[in-house]
Amino acid sequence: MLVAFDGAEAIDVAGPASVFSKAEHLRPGTYRLHTASPTGGTVLTNAGLSLSGFCRLDELPVRIDTIIVAGGEETGVRAAIVDHEVSAWLSKVAPGVRRVASVCSGAFALAAAGLLDGRRATTHWRACDQLQTMRPQVCVERGLVYVHDGPVWTSAGVTTGIELALALVEDDVGRDVAMDIARTLALPLLRAGHQTQLSDTLLAQSAVRHRLRDLIAWIDLHPGEDLSVGALAERAHMSERQFARAFAAEAGTTPARFVEQARVKAATRLLRQTHWTQDKIASSSGFRSVDAFQRAFRRAHGVTPHTYRERA
C-alpha cells in the first residue's frame, strides 16, 4: 500500500507502483496495490501532476501487508504529519503489518510515529542531518541507497524508491523477478542498499567538461571494452598525453585508476546478481585474469570476492 499526500514527489509514488504492477504481471496473485492519502480522491504532487483514485486512510482494507510512505516537499510532509495525522495513523496500524517503508522524506513520517527509534534508517542526503536532529533516537545512515532494519525499510531520494521496491520484490519472490523488472525498466544498474546515493560516476561527470563527461558514462557502461589510455584518447579525439593530463586534472584521478574502479563496480554487481564463477566475472568486467581481479577487488573492498559474496 502506497501512502501519499498533497506535495508528494510524483516519482516516489509512480516508481514503486510501476515495480509492483510489473511484479504482479510476472507472478499473478503476488501483489494487490492500494494507494491512499489522508483525504482520498486526488493528490496534487510537487511537480504539478494530479494523481487520482486514492482512498482515504480510514477506508483501507483491514489486512495490510506492506506500507510505503512517499516523500515530498517539506511543507507537504509537515502538513501530512501535523495536520492530517499520518504519523498517528502509522503508529496505530504499523504493529499489525508485516513491514513499513518510506521513500525519501517519507522517513520523517515514520520517525514522528516512533517507528525508527533504535533503528538504522536513511533519507535524502540533503535531509539526513535534519532527521537526526528531529529524532536523536534514530541511527541515521547518511548517503545510503536504502536501509533495511527488521520490519522497517527506508530509502534515499526520489529514484531510490524504485530500488527500494525492487529490494522488497526480491525479498518476497526472489532475485530473478527483481532483475527481470529492472531490465524491463531499463535501469542502467541495480544498486545494493549499502551503496552510496550519489554514484562515483555521477560525481566524476559533474567535475568534467562535456567531452569527458560522455566518455566517463561510456566507461561505466562498457567495462569489458579496451579501456587503455590510447583507446580512450582516440574516443575522446585527443592525443594520449593531452587526454591523460585533462582527465587527471578534471576527474581528480588517473584514467587507469578510474577504469579499475569502474571494473570493480561492475564485478561487484555481478557477484551480487549472478552465480557466475570468478573467472567469468573477471572476464566480463574487463580484467585480464582472476588474479588481477582479486587484487583490484581487495584494494577497493578490503576483502576477497569470495568473502564479499558470502556476506552479500
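Guide: Happy to, and one term comes before the rest: a residue is called buried when its relative accessible area is under 20%, exposed when it is over 50%, and partly exposed in between, using a 1.4 Å probe and protein chains only. Please keep in mind that this is a predicted model, in which local features need pLDDT of at least 70, side-chain atom pairs count only at pLDDT 80 or more, and totals for chains, interfaces and linings use all residues. Residues are numbered from 1 along each chain as its sequence is written, and side-chain values use heavy atoms, leaving out hydrogens and water.

Our spot is L57. Its relative accessibility is 8%, so L57 counts as buried. L57 sits in the loop that joins β4 (50–56) to β5 (66–69); helices (H or I, at least four residues) and strands (E, at least two) are DSSP runs, numbered from the N terminus. What does L57 touch, not counting residues up to four places away in sequence? Its partners are V3, A36, S37, P38, V86 and W89, where a contact means heavy atoms within 4.5 Å. Take W89 from that list: W89 and L57 are 32 residues apart along the chain, and their C-alpha atoms are separated by 8.0 Å.

From here we can move on to helix α2 (residues 74–82), whose buried residues are G76, V77, A80 and I81. Looking down the axis of α2, these buried residues fall within an arc of 130°, so they line one face of the helix; the arc is that of the directions from the helix axis to the C-beta atoms. This arrangement goes well with a general point: an α-helix has 3.6 residues a turn, so residues three or four places apart point the same way. T75 and V82 are exposed on the other side of α2. The cover over the buried residues of α2 includes α3 (86–93) and α4 (107–112).

Between α2 and α3 runs a loop that holds E85. Most residues other than glycine have a negative phi. E85 has a positive phi, near 55°, and is not a glycine. C104 likewise has a positive phi of about 55° although it is not a glycine, and C104 lies in the loop between β6 (99–102) and α4.

At 11% relative accessibility, C104 is buried. C128 counts as buried too, at 2%, and so does C55, at 18%. How many disulfides does the structure hold? It holds zero, a disulfide being a pair of cysteine sulfur atoms within 2.5 Å. For C128, the closest cysteine sulfur is that of C104, and at 9.6 Å it is too far for a bond.

Next, the aromatic rings. Rings of Phe, Tyr and Trp (its six-membered ring) pair if their centres lie within 6.5 Å; planes under 30 degrees apart count as stacked, over 60 as edge-to-face and the rest as tilted. By this rule there are seven aromatic pairs. In one of them, Y146 and W153 have ring centres 6.2 Å apart and planes at 35°, so the pair is tilted. Another is F243 with F247, where the centres are 5.6 Å apart and the planes are at 50°, so this pair is tilted as well. Y146 and W153 are both buried, and F243 and F247 are buried too. F243 and F247 lie in helix α11, four residues apart, about one turn of the helix. Elsewhere, ring pairs link F287, F293, F297 and Y308 into a cluster.

Helix α11 (residues 240–251) also contains E250, which is buried at a relative accessible area of 17%. E250 and R213 are 37 residues apart in sequence, with 9.9 Å between their C-alpha atoms.

Finally, let us step back to the whole protein. Its secondary structure comes to 15 helices and 10 strands, and buried residues make up 49% of its 312 residues. The C-alpha trace spans about 65 × 40 × 35 Å along its principal axes. Among contacts with a separation of 6 or more, 60% join residues 24 or more positions apart.
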